[in-house]
Amino acid sequence: MKKSLLALAVLAAFASIAGSAAAQSSLTIYGVVDAGIDHQTGGINGAVTKLSSGMQNSNRIGFKGVEDLGGGASALFVLENGFGVDTGSALQGGALFGRQAFVGLKSSLGALTMGRQYTPIFGALCGELDPFSCGLAGTAANLMSQGGTPTGGGNAARTNNSVKYAMPLVAGFSADVTYGFGEVAGNTSAARTVGTQLGYTNGKLTVRLAHNNVNDITASNSAKTTVLGGKYNCGAATVHLAYAINKGAYTGNTNVRLADSRDVLLGVSVPYGASTFLASYIRKSDKTAASNDANQIALGYTYALSKRTNVYTSYARIDNTVANTAGSAGGFYTVGNATEGGSGDRAFNVGVRHTF
């Protein structure tokens, strides 16, 4: 009852900012169409070469709208569908708007949104800290957790049934808090997700601290991931650094729960005219007795043909402690991309991406 009253009070506070000015609204349709050739090696069944979809960025078509409510307040929504160019099929389990689906209010107090939304870990790691932005063969998600919900194995990039509050930017500081309802009858802790992100940006420096805590369907175990990192624009290049602590978290493309592990990422992005060169190194250290460690080295290159279209190529290799066999899922990490997890420990891709 108290939580319901608090939620109503917060909504009322946002609504009171609106005033009585005449409403003005806008609708934007946007998307990404990305496809290329992906060559994967080191898999259990051998090498595979295929036409892959969404390697730099997952394909999508989205709709976002804003309505001016007056008094500096606005209503907003985002509906985003994911699809595969190679087959035309729907992604995210076939959900109509599986990438994002939320509605909310924004004012001088900040923004309050409700629906299926990105995790704070994803916002920090993929939005700022990873030079590959969690895309191409070099994606940090090959080894590192993106937060997630129980239905995504604890490593998905999104939180279902979530309420998110984002404070307004103040002197370079930002913060947001996400609460995902587990919606399990009789147990409010079961399948619950709690996350937060703190940020600071000052000129060439960006710093992010993010945390996600995801309970399983019985609330008997939780997956906790904390990421701290930053990037600094040196002029000729931007240096990226991140450190993650995982406790009972689902990390990397194995999607297997690890009791205790650490991740270190060091990367660089170098713009040169229409070109951008990318490189990163990630070390995963398994702190349990199993010691299923892994190292990833990745290189990438993009070239802008226009403001909306670019070509790309990337190569990544993971050195695993565990061999790739049918029983090694707990320690063998695979090289994927923005859309899929991959099948082996090496991958090379080349393709084209268009945004609209």
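**Entry 1: the nonpolar patch**

I began with the strands, and found that strand 10 (205-215) and strand 11 (222-233) each supply at least two residues of a nonpolar patch. Helices (H or I, at least four residues) and strands (E, at least two) are DSSP runs here, numbered from the N terminus. I'm looking at a predicted model, where local features need pLDDT of at least 70 and side-chain atom pairs count only at pLDDT 80 or more, while totals for chains, interfaces and linings use all residues. I also noted that residues are numbered from 1 along each chain as its sequence is written, and that side-chain values use heavy atoms, with hydrogens and water left out.

Which residues make the patch? I listed Leu-198, Leu-205, Val-207, Leu-209, Leu-228 and Tyr-232, and they make about 480 Å² of nonpolar surface. Patches are made of residues with over 30% relative accessible area and no salt bridge; like charges are joined within 9 Å, nonpolar side chains (Val, Leu, Ile, Met, Phe, Trp, Tyr) within 5 Å. The areas come from the Shrake-Rupley method with a 1.4 Å probe, and for residues only the protein chains shown count as cover. Strand 10 gives the most, with 3 residues.

I looked up Leu-198 too: it is found in strand 9 and is partly exposed at 46% relative accessibility. For this label, buried means under 20% relative accessible area, exposed over 50%, and partly exposed in between (1.4 Å probe, protein chains only).

**Entry 2: salt bridges**

How many salt bridges does the structure hold? I got 10, each one a side-chain nitrogen of Lys or Arg within 4 Å of a carboxyl oxygen of Asp or Glu.

I picked out Arg-208 and Glu-128, whose side chains meet at 3.7 Å, N to O. This pair links distant parts of the chain, with Arg-208 in strand 10 and Glu-128 in helix 2 (residues 120-129), 80 residues apart. Is Arg-208 buried or exposed? Arg-208 is buried, at 11% relative accessible area. I also saw that Glu-128, Arg-208 and Lys-231 are linked in a network of salt bridges.

Next I checked Asp-260 and Lys-247, which form a salt bridge at 3.1 Å, N to O. Asp-260 is buried at 17%, whereas Lys-247 is partly exposed at 37%.

**Entry 3: the disulfide**

I searched the whole structure and found 1 disulfide, meaning a pair of cysteine sulfur atoms within 2.5 Å. Cys-126 and Cys-134 form it, with their sulfur atoms 2.1 Å apart. The link is left-handed, with -75 degrees about the S-S bond. Both Cys-126 and Cys-134 are buried.

**Entry 4: rings**

I counted 4 aromatic pairs. Rings of Phe, Tyr and Trp (its six-membered ring) pair if their centres lie within 6.5 Å; planes under 30 degrees apart count as stacked, over 60 as edge-to-face and the rest as tilted.

Why is the pair of Phe-173 and Tyr-200 tilted? Their ring centres are 4.6 Å apart and the planes are at 40 degrees, so the pair gets that label. Phe-173 lies in strand 8 (residues 173-180) and Tyr-200 in strand 9 (residues 193-202), so the pair ties together parts that are 27 residues apart in sequence. I then looked at Tyr-179 and Phe-181, which are edge-to-face because their planes are at 75 degrees, with centres 5.0 Å apart.

Last, I noted the charged end of Lys-64 over the ring of Tyr-30, 5.2 Å from its centre. This counts if NZ of Lys or CZ of Arg is within 6 Å of the ring centre and within 35 degrees of the ring normal.
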